[in-house]
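I opened the model today to look up a few things about packing and charged pairs. My notes follow.

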Amino acid sequence: MDEYSRFVDWDRMDVAVHSQDAKELMSTEFQELKQLARQGYWAKNHSLRAKVYHRLISNIPCRTVTPDANVYRDIVVKIVGKRNSSSLPLPEFVDNSLVPTYCLNAEGIGAVRKIILCIANQFPDISFCPALPSVTALLLHYSKDEAECFEQVCRILACNDPSKRLIDQSFLAFESSCMTFGDLVNKYCQAAHKLMVAVSEDVLEVYSDWQRWLFGELPMAYVARVFDVFLVEGYKVLYRVALALLKFFHKVRAGQPMESDSIQQDIRAFVRDIAKSVPPERLLEKAFAIRLFSRKEIQLLQMANEKALKQKGITVKQKSVASPRRQNVHLAVHAENFKSEIVSVKEMRDIWSWIPERFALCQPLLLFTTSEHGCSLSRFYSHSEGHEPTLLLIRTTAKEVCGAYLSTDWSERRRGGNKLSFFGTGECFVFRLQPEVERYVWVIIKHPELATAGSKPEDQASPASSALSSGSVPPEPSDRLSPFLAARHFNLPSKTASMFMAGSSECIIIGGGDGQALYLDADLNHGRTSHCNTFNNQPLCSESFQISVLEVWGFRDTMNG
């Protein structure tokens, strides 16, 4: 056994990782390290993985004064004293998290609690960090002694590189990451999301478990492989793997009855027993096959979610009440207060489950309806302007129901003067509720390969073709953000805006979702749709239709009035 075996119970550890030979890692190039990490190069040998972890963590940029191994040796006796380490109470900021034993022996299991208590002593600014027990337990497998493990965890916590996010250390950061994960599920795991909405009253309560799946439920062989890549590539890897877990859960469990009364418990059980259905290599392969947003885009989305939580005063976990996450859709859309001529309470709740997490904290507010305000496009604009985002609902005389989630204020249409100009962001989507439910997300997000398709220059394309043709969007240079994120939320230049909405005194055009586009005439009595045959889906509604009722809904902030 090697020098890194002190805390390992080899009867529980995969012996293969100890016996396989592997060459020392000499590379310092990021791309090569990234490739080797994904391939599991240092997963082949326990000692090699320990040395690579030590090297990668030693290179993390940290605060000037970061506690090291000597600090641990100085304080551990004062803090722990003669108490039995296995019964030591954990600090409140771990939020009653699981303390995984993985493949630790008895000495190692006790050492985890000692190390966490000493970390709490040295990091008084940590207020919420449920991932800490798992990270500590994992690193202890690859440490010579407790002091070395303490130092490595401290370096991860003390990282001061603003572009390198590692572990959430506040409730605000954790809660916004849960909202961000919910947004990503909504974009990339639509089938799984649909299942969550169907069987859970509170979708974000399910998604708030996403870090627990990784740092608590995943078996040792899996979490170590994830951590290999995480130390090289950062936080985005965690989102990728959690999305892959959800995709596999839906695939394996689709059509089967729930094993418990809680989808939350079912997912946890699936992750714990994942070895029965998905090997580690397949999990990572799935994770990296997801064409996820860039690291910068995810960071901006996280910032937007943090801003929404701060505006509502949600920055710390409340002890006396339920955690203030995404409102239960049954609370956001009150049956007694909600009245629409187009959709039922249940249908509105379904729509609410699709919208970005930061706006799901709000309640629907009726801004305009043709039944009350008449069929006037100018009145449509006057009642809708000043609200962002908005929800458009239409019922046709043929009883079809469709609509659109619109991320941008309609006042943006004035930027083009008298010319019909497009604006909006990739968070926009169109949907159909009757005769059957279907959501059409932004075409470039769902079909990114079409973003590079050749097309005629933008100045040669008509507004209608621009709205429909994925090829009209030029390939994005690597240093530009995709149009997914709303420019006004982040003070980004207008060039990041997507062509999704357009309005003039003569018409409204909404388009781009999976090749679907919606046109409304100035009298708001007649509309038509355009359907791109590139996509294997049904049209939004009839190609030409008469409008029976049209409504525009805003989002009322219930906490700020």
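This is a predicted model: local features need pLDDT of at least 70, side-chain atom pairs count only at pLDDT 80 or more; totals for chains, interfaces and linings use all residues.

Residues are numbered from 1 along each chain as its sequence is written, and side-chain values use heavy atoms, with hydrogens and water left out.

**Entry 1: overview**

I found 23 helices and eleven strands in the protein chain; these are DSSP runs numbered from the N terminus (helices H or I, at least four residues; strands E, at least two). Of the 561 residues, 58% are buried. For burial I used relative accessible area: buried is under 20%, exposed is over 50%, and partly exposed is in between (1.4 Å probe, protein chains only).

**Entry 2: salt bridges**

I got 21 salt bridges for the structure. In one of them, arginine 272 pairs with glutamate 217, with 3.1 Å between the closest N and O atoms. That pair links distant parts of the chain, since arginine 272 is in helix 14 (residues 263-272) and glutamate 217 in helix 11 (residues 210-217), 55 residues apart. I noted arginine 272 as partly exposed at 41% relative accessibility, and glutamate 217 as buried at 5%.

Next I checked aspartate 273, which forms a salt bridge with lysine 276 at 3.9 Å between the closest N and O atoms. Salt bridges that share partners also join Arg212, Glu217 and Arg272 into one network. Aspartate 273 is partly exposed at 36%, whereas lysine 276 is exposed at 73%.

I then looked at glutamate 233 and arginine 38, whose side chains form a salt bridge (2.8 Å, N to O). Glutamate 233 sits in helix 12 and arginine 38 in helix 2, so this pair ties together parts 195 residues apart in sequence. Glutamate 233 is buried at 8% relative accessibility; arginine 38, at 26%, is partly exposed.

**Entry 3: helix 15**

Which residues of helix 15 (residues 280-289) are buried? I listed Pro280, Leu283, Leu284, Ala287 and Phe288. The buried residues pack against helix 2 (30-39), helix 12 (220-233) and helix 13 (236-253).

Note on methods
Contact means heavy atoms within 4.5 Å. A salt bridge is a side-chain nitrogen of Lys or Arg within 4 Å of a carboxyl oxygen of Asp or Glu.
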